[in-house]
Amino acid sequence: MTMPPAPRTTGRVTMPIQEGIDEQIRALCTVLGADAVRNSDGTWLPEIASELVDKVYSTYFPARGDQEFALAHPQTLVNQYLLSARHTALGTAALEIDVMEGYFRDQFAPHYERYERFWEVTDRTTGQVVPTENWQLDRQRGVVTIPQPTPWHEYTVAFLADQLWDSTQMYNYITNNWQDDPTRVKERPYDARKHPVWEHTRQALTDWLEAHPEVDVVRFTTFFYHFTLVFNESGKEKFVDWFGYSASVSPEALDAFEAEYGYALRAEDFVDAGYYNCPFRSPSPQFLDWIDFTSRFVAAKAKELVDIAHANGREAMMFLGDNWIGTEPYGKYFPSIGLDAVVGSAGSAATTRLISDIPGVKYTEVRFLPYFFPDVFNHEGGDPVGQANDSWLTSRRAIVRHPLDRMGYGGYVSLALEFPEFVQRIAQICQEFRDIHEFSGGNLPANAPFKVGILNAWGKLRSWQTHMVAHALWYKACYSYVGVVEALAGLPFEVEFLSFDEVLDQGVPKDIGVLINAGAAGTAFSGGKVWDDPRLSEIIRAWVAAGGGFIGVGEPSAYSKGGAFLQLSDVLGVDREQSLSLSTDRYPVVTADHYVSADLDSVFDDGQGAGGDVFATSAQILRLKEGSVQLAVNHYGSGRAVYFSGLPYSYVNSRTLQRALYWAANRQDLIEQWHTSHPATEVAWYPQVRRFLVTNNSYQAVSTSICGQGQTWQVELEPMGSCWMDVN
């Protein structure tokens, strides 16, 4: 293929390489301005790797990859808690439950060690645990029998399983059709807590480093425990939770936990009635203890591996994904690991900020989509250029606000080389990424003079990770809420994530100007039962009345009590109808023009949101749909509040949130200091170098005016375009 011309500047780019295409790799490295190369899962570094660039990365799997060791030590398999299908006793006859029904038997097998202690049979109709003596286990068939069930009651079995096949390798194996390659094996994972895994892990890394002097950066992928990823009987995803800890369990771990904490965890503490403690569930004290317990163990062991890498003169990088459980980068133990860098996949502006804001590392790096896999490049309907544009357009907003140090791509580079227009596009993206660093002078753009606080059950631990299920995948029930952090990731605000417990213990931090509570009723993000504690409402009411700003999205502060569904309905000036007060007449009046809604059309896209039946109690209604409030503003003492029924990301909604934040903070003047007239465009002001960057976040050409420093500029921007301008 004909390569694009060499770039204006070079560096800050990591490129995937593979064996057998040396000359094409040399040319591509020049075109992208790459200064680092890497292999991927299933590829190997060619001999020319170290000749090409300053740094060579190599993937390293501490918890898999040595199949000979795994097969020789079957007792070291990683365990996972699973829940059987629900079965109803149709009468008094014995009830049989095949625990593996619905699961992929290539991935899991029941783990029978001390099953009387670690398995749990539950009558889901009553919520009571069935005593061990009242059920039987047939190990040969993997079947639990309840001889005398209560008729018409539902039963489940929570059980420990052996993980026979590593989750990520299984995904790659299936996606890339490795079943046709006789050299590919189904890799078995092993648990660092189990003897003799840890001794083997340390020695294996030492030996590997000695055998690979060409490697400068060890890319740990990641450490020991994979996020929850369960496949069904057809080998398709059944349950996925990017934050899931259900594969961090083992008899050894559960015994160690009991010895340290003085109480024993139950199977139900993990399977959680089939919800598996997903991040939408308000975490129980037991689950928070387990997260802390696991994170301390992982951090301590990961530090040992990082120290080995450092002692051998290598950098240590962690991939934010795969086996990342226990290394949550905003957790209190993460800095103790001593990593040099974190790299992760950019699926959105929020996931990009998740990576770029990580404290305690020397540099951060992002992998843009698409991965160079057959499902995009050799698949009918695949659109590599379109995916590259989408990934860059969504992530660029976050990179402008807090740049990552490096960028790159992953996968099989031979596939990408078959698409010249794709190579040309990613070469342009690489240059624009470097331009942000060069023209900003390494400075961050100016932010508003107040912080925005996101209030939920998780707080700092899950910074930039609210309403995510599988990283940045779209979900119908989530997009109306994740749009809040997606918008904030590219807006001029410093954002702090606060837990309900923090606010109960310490109040709202003094530097917070506006507090946001967004989510559906009963979730960890809205709060659920935490609003039964009157102290929480008291603290926030007093804070808003004294001049604070509050924004609620969807069903904020939702907990039916005292005749109100939203416990801060007085602050917000709206409440949600529960079909209990339909006899009350209401006469909504809409105000068409307001500072907050100035960029909105008459129709406001609130996504799924609260789903209707929101009525005003004292708020000024700005948008109404079929009698239900979509957008409203309210004064409360000296403070202000804004209500959105939902806020999916769009550039118009992002601009509206920005206006709402300024209005709630009583700083409407800020919209005129650095502002673009077209809502598809955003401006970042760098006072240190007296320069601004204006970007077009749409696929259409736009004309926009920029005001700031008492001046106005008119700019024409191409689709996805950007422009740097000096201010005299």
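Colleague: Which residues does the UniProt annotation "domain: Lacto-N-biose phosphorylase C-terminal" cover, and how much helix and strand does the chain have there?

Modeller: UniProt positions are given here in the numbering used for this chain, with feature names shortened, and annotations may be inferred rather than shown by experiment. In the record, an unreviewed entry, that annotation covers residues 674-724. Helices (H or I, at least four residues) and strands (E, at least two) are DSSP runs, numbered from the N terminus; over residues 674-724 the chain is 0% helix and 61% strand, and the end C-alpha atoms are 14 Å apart. This is a predicted model, in which local features need pLDDT of at least 70 and side-chain atom pairs count only at pLDDT 80 or more, while totals for chains, interfaces and linings use all residues. Residues are numbered from 1 along each chain as its sequence is written, and side-chain values use heavy atoms, with hydrogens and water left out.

Colleague: Which residues of helix 1 are buried, and where do they lie around the helix?

Modeller: Buried means under 20% relative accessible area, exposed over 50%, and partly exposed in between (1.4 Å probe, protein chains only). An α-helix has 3.6 residues a turn, so residues three or four places apart point the same way. In helix 1 (residues 22-32), the buried residues are Ile-25, Leu-28, Cys-29, Val-31 and Leu-32. Seen down the axis of helix 1, these buried residues fall within an arc of 165° (taken from the directions from the helix axis to the C-beta atoms), so they line one face of the helix. With contact meaning heavy atoms within 4.5 Å, they pack against strand 1 (13-16), helix 2 (49-52), helix 13 (413-416) and helix 14 (420-440). Just after helix 1, Gly-33 takes a positive phi of about 70°.

Colleague: How many residues does the largest nonpolar core have?

Modeller: A nonpolar core is a set of buried Ala, Val, Leu, Ile, Met, Phe, Trp, Tyr and Cys residues joined through side-chain atoms within 4.5 Å. The largest has 188 residues, and Trp-119, Trp-290, Leu-488, Ile-551, Phe-644 and Leu-657 have the most contacts inside it. Its largest share, 12 residues, comes from helix 9 (residues 285-311). A second, separate core of 30 residues includes Leu-504, Trp-543, Val-629 and Ala-632.
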